[in-house]
Amino acid sequence: MEKNGLLHGDFTLPCSRDQAKVKELLWNSDSTVLLVWLEDVHSGADGHISTELQLWAVGNYHWYLKQSLAFGRDPQRAPACVHWDPQRPLRLHVVTRGWASLTYDWGWATDRSTGLDASDNANVAVIDGDKILVTTFRQGVVPPPMCSYELQLTSPVNLVTFLCQTQKSNHLAAMTADGQISVFGPDSGKPSTERPGGFRVVSLPLVLRNTYSVPGLPVAPLAIRQLLWLKEDLLLGLSAGTLPSSSTLLFLSPAPHPEAPNALSNRLEVAVDGVVTGMAYSFQSRTVALQLEDGQTRRLIWDSECPSVEDWTDFSGCPMNFPVPCVQMALCTVSEEEILLGLTDRSHLYAGDTQLASNVSSFVVHEDFLLVTTHAHTCRCLLLGTLTVKGLQEALGSDGGQNDETLRRVERGSKIVTVVTQDTRLILQMPRGNLETVHHRALVLAQLRKQLDCLKFRDAFECMRKLRINLNFMYDHNPKVFLENVETFITQLNSINHINLFLTELREEDTTGTMYPRPLNVPGPSPMTRAKKLDVVCDAFRHTMESMDPDKYCLSILTSHVKKTVPELEIALQKVHDLRAKPPGAAGVVGAEEALKYLLFLVNVNDLYDHSLGTYDFDLVLMVAEKSQKDPKEYLPFLNKLKTLEPNYQRYSIDKHLKRYSKALLHLSKCGEEHFPEALGLVREQKLFSEALELYPAHSPHYKALSCAYAEHLVAQQQPEQAGLLLWRCGEPGRALQAFVSASSWRHALCVAQQVPLPPDQLSLLARDMAERLIDQRRYAEGALLLDQYAKDCEEAISALIKGAVWEEALRLAYRHNRQDIIETDLKPALLEAFASHTSFLENNTALFGRHRNRLSVVLELKEKARLDMLDEDGPDCPDAELYSEASSVMSNSKHSSSISRISSRSSKNRRKAERKKWSLKEGSPLEDVALLHALADIIGTVDKIREELHSLLKALVLFQYDRLAQKLQLAYEEALLMMEAAIPEVWSDGGPPSQTPVTGPDSTANSITASLQNQARPTSLPLPDAEMPTVPKMRSGVKWKLTVLK
């Protein structure tokens, strides 16, 4: 009843009012089970009454009678007091009138068939009083309380088990409250599934094969509390032992005596030291596992002549037990070792003594997979063959990636009912009882991989279409095998529409690396060539279909042309045109009209019209235009005008209209002399100079005109030297000379000047002009050569060499032209000036390097001190302490974020300038240490670069007996190089500066000492991004610059 007194639900007890009365109703502690205490109304002939305890549970608004405990008429065994445990919801305490105390512990379990082949119907049995509600999930999903069929028995059912035998896993055995065991199996007569009215029976119900009694059992409720059907003639029962802390395993088989055909004989009894609370069986290994009430596990050796029980151990012989008792168990193989999985009532999942997860609501072992639902409303499906126990633990504890096939979201409170064998269907039950079928991605992909490996392309294709799996997976799973079996693929599908669907879904993306990644530790196929996937598959399909039946697969062949990386629309249109010219004679073969309609479905009509126009076939153009929405008044005048033109000019006009300028130029070049100006204009407009030069003879006037036009274009593009080459080879030396002079290509210019030829005075002026250009570009040696050899001005040549510090060449020219006076007047003063300049350069850079280096040490010390101060305030466990050394980076990012976004569209030069601008050397700037590192790197590079120049200066100073000056300069440069070489490892250290000793003393704190110890393994320098941190400078120690005579 509801709080307001309205009826919320009800159920009818399986007895009439004049037969039994309800003595008491008891809810368990979590209100999931209702106990009904019944007693007979009338006493029997012996004057005693019968007592019964019934346990009822509700699901999907239906009340199920789950357990029935009949205590009989013996007054000493009748319950005197019944009470639910306040802490364990499914524990019941019973005290009989004979002062016997009984404690019952129940657990929720799903009775399902666990066959390994497709003959298993994925049966699930639900106990409902004297009925068993059986649902065959392979045939269909029937929501409870409905079912596929019901099995009616004579008394309430307490236990249900399915036969653990291949091909017979649908057989069922049930034990009732009166101690009888009923066996059900398929009807051997194979009755018809057809019913009147056109209906068909999907699931044929099992039929009762036999009902057995078990003589010798103790007279008590639930004398056999668990049942396992191992073989067709062997049932394993679990009953209480002779001692309260022991159990007995009963091996029950049909009695061999004809006088007791309906009895099960207790063939053998195996005593177990401990109370057995659970049994599990593995189809693969045929192993039976037992669990005791304290979580210990045992292995039952049942298929030998002398069955025995032994401890469950691992490979090393160490026992493997559950830390706490588990309410559900299952056997599986992980890393080639059989382990026992267990789930506690507190949602902890264990693999032996290792806890895998702590939020599991249900689990099941299906083939090679472990399926788990969690309280986080997810369903995990893990491939056991690729994981270890530690891998299982990590997988269940991770959140999963974007395309993690093992993880799936499910409805809140979902629990696993069963998984259909050799299928992808996973049946989940919601908290209120309704069912939901899902196809877990891991199961789907595993089945698809098996089907593709077995070349079952049709089954895989249908599965992928139904479950919306990208069809690219068929090729990506194993490209080599797929391409070798294209004909098998086409034959199995045997459908033009399905082949077209596959081809149209092809993409360059490798789905096994993005959408459907392979499981961990599973090797993939050998990589294919780098050819385009679309082109390879389309070509393979087209060649195969053309060899099989080109008329039948006409539409698919057209699809293979259209879907290539560069669509072959012209070829596809030509095939349609051929169909129109020669219609196929066979019936049912695709005609030109249907093929064209299909092409229009695949390709935009305007694109198809343009490509048809590009074939220069006006019949084909009209055929496409008629199927489009174009107005005939638009395209007919244009087509009629084209038909009147000369063939080459007609093709030129079409190609220019389609913006295929290279082809247009090719056709226009064949139209004659009168159209060359138009061709030249097209070349200038579309910049087709290289293509045009290949179309005309090398010595023709057209070639010359094109070369001159190309040269003008190159000059405009700031490439005058290449322009000069073109002008020179086509017979335009004057213009070529101008181009070479503007490009400072003096060798080419002088060659052209000699070819013209220029008069000597003009050649001298040309040489002077070019020498000035070269000297302005700091090419002193080349300028001096022009002045000396062509302008005949040795004094200017020597002056240029002295200006460029080319001392040896200047000395050579002075002696060659007998101008030793220039040595005294110009060369020696220049040497002294160069000495002073280099000395000042080294002094300035050495001092600047020292200042920057000292400042860098100060900056790093300040940052380290700030980090230690924060540790003293917040403690060493403060999460910000590790990040404080990066505080300046964080500040700089926030400070400069807006400026960086504003300059994102500027040129690269301005971007580099802006990047360097934020590295300010101003004291206290956010990235001062970065700026100092860049400044130090620049100084080192600048000083190291003058080795060759300094070597030449030293030789000249020694030659003119300036030994003291040379020695002073060499010593200063050597000291500068040594200082910088020594500073590089310290400033750019890989692991930071040398570790400091722990800070101790009277002013130290525990936090500062801890931070100092941690700091020994941590670089004190600022962790910087790779883009901001300058690279370590490398000095050219291999360059010989020192003079031995100065040592």
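Biologist: Which residues is Ser 362 in contact with, leaving aside its neighbours within four places in sequence?
Modeller: This is a predicted model, and in it Ser 362 is in contact with Leu 343, Leu 371, Val 372, Thr 373, Lys 415 and Ile 416, once its neighbours within four places in sequence are left aside.

Biologist: And where is Ser 362 found?
Modeller: Ser 362 is found in strand β28, which covers residues 360-366.

Biologist: What does the side chain of Ser 362 make a polar contact with?
Modeller: The side chain of Ser 362 makes a polar contact with the side chain of Thr 373, at 2.5 Å.

Biologist: Does Ser 362 count as buried or exposed?
Modeller: Ser 362 counts as buried, because its relative accessibility is 6% and the cut-off for buried is under 20%.

Biologist: Changing topic, which residues touch the most other members of the largest nonpolar core?
Modeller: That core has 97 residues, and those touching the most other members are Leu 706, Ile 802, Trp 807, Leu 954, Leu 969, Tyr 973 and Trp 988. Helix α27, residues 821-874, contributes the largest share of this core, with 12 residues.

Biologist: Take Ile 802, then: what is it in contact with, neighbours within four places in sequence aside?
Modeller: With those neighbours left aside, Ile 802 is in contact with Trp 807, Ala 810, Ile 822, Asp 826, Leu 827 and Ala 830. Another core, of 33 residues, lies apart from the largest one, and its members include Leu 445, Phe 489, Cys 538 and Tyr 553.

Biologist: On to aromatics: how many aromatic pairs does a search of the whole structure find?
Modeller: The search finds 22 aromatic pairs. In one of them, the rings of Trp 27 and Trp 63 have centres 6.1 Å apart and planes at 55°, so this pair is tilted. Since Trp 27 lies in strand β1 (residues 20-27) and Trp 63 in strand β4 (residues 62-72), the pair ties together parts that are 36 residues apart in sequence.

Biologist: What about the rings of Phe 489 and Phe 541?
Modeller: Their centres are 5.5 Å apart and their planes are at 75°, so the pair of Phe 489 and Phe 541 is edge-to-face. This pair links distant parts of the chain, with Phe 489 in helix α6 (residues 486-493) and Phe 541 in helix α8 (residues 533-548), 52 residues apart. Phe 489 counts as buried at 0% relative accessibility, and Phe 541 is buried with a relative accessible area of 0%.

Biologist: Which residues form an aromatic cluster with Phe 489 and Phe 541?
Modeller: Phe 457, Tyr 475, Phe 482 and Phe 502 form one aromatic cluster together with Phe 489 and Phe 541.

Biologist: And which residue lies over the face of Trp 312?
Modeller: Arg 299 lies over the face of Trp 312, at 3.9 Å from the ring centre. Likewise, Lys 66 lies over the face of Tyr 64, with 4.8 Å to the ring centre.

Biologist: Let's move to helix α12: which of its residues are buried?
Modeller: In helix α12, residues 605-614, the buried residues are Leu 608, Tyr 609, Ser 612, Leu 613 and Gly 614. What covers them includes α10 (569-581), α11, α13 (618-627), α14 (632-643) and α15 (647-657).

Biologist: What caps the N-terminal end of α12?
Modeller: Asn 604 caps that end of α12, with a side-chain oxygen 2.9 Å from the backbone nitrogen of Asn 606. Just after α12, Tyr 616 takes a positive phi of about 60°.

Technical notes
Residues numbered from 1 in each chain as written. Predicted model: local features only at pLDDT ≥ 70, side-chain atom pairs only at ≥ 80, totals over all residues. Heavy atoms only, no water. Core = buried A, V, L, I, M, F, W, Y, C linked by side-chain atoms within 4.5 Å. Buried < 20%, exposed > 50% of the residue type's maximum accessible area, 1.4 Å probe, protein only. Helix = DSSP H or I, 4+ residues; strand = E, 2+ residues; numbered from the N terminus. Contact = heavy atoms within 4.5 Å. Polar contact = N/O pair within 3.5 Å; in protein donor to acceptor, adjacent residues only side chain to side chain. Phe/Tyr/Trp six-rings, centres within 6.5 Å; stacked < 30°, edge-to-face > 60°. Lys NZ or Arg CZ within 6 Å of the ring centre and 35° of its normal.
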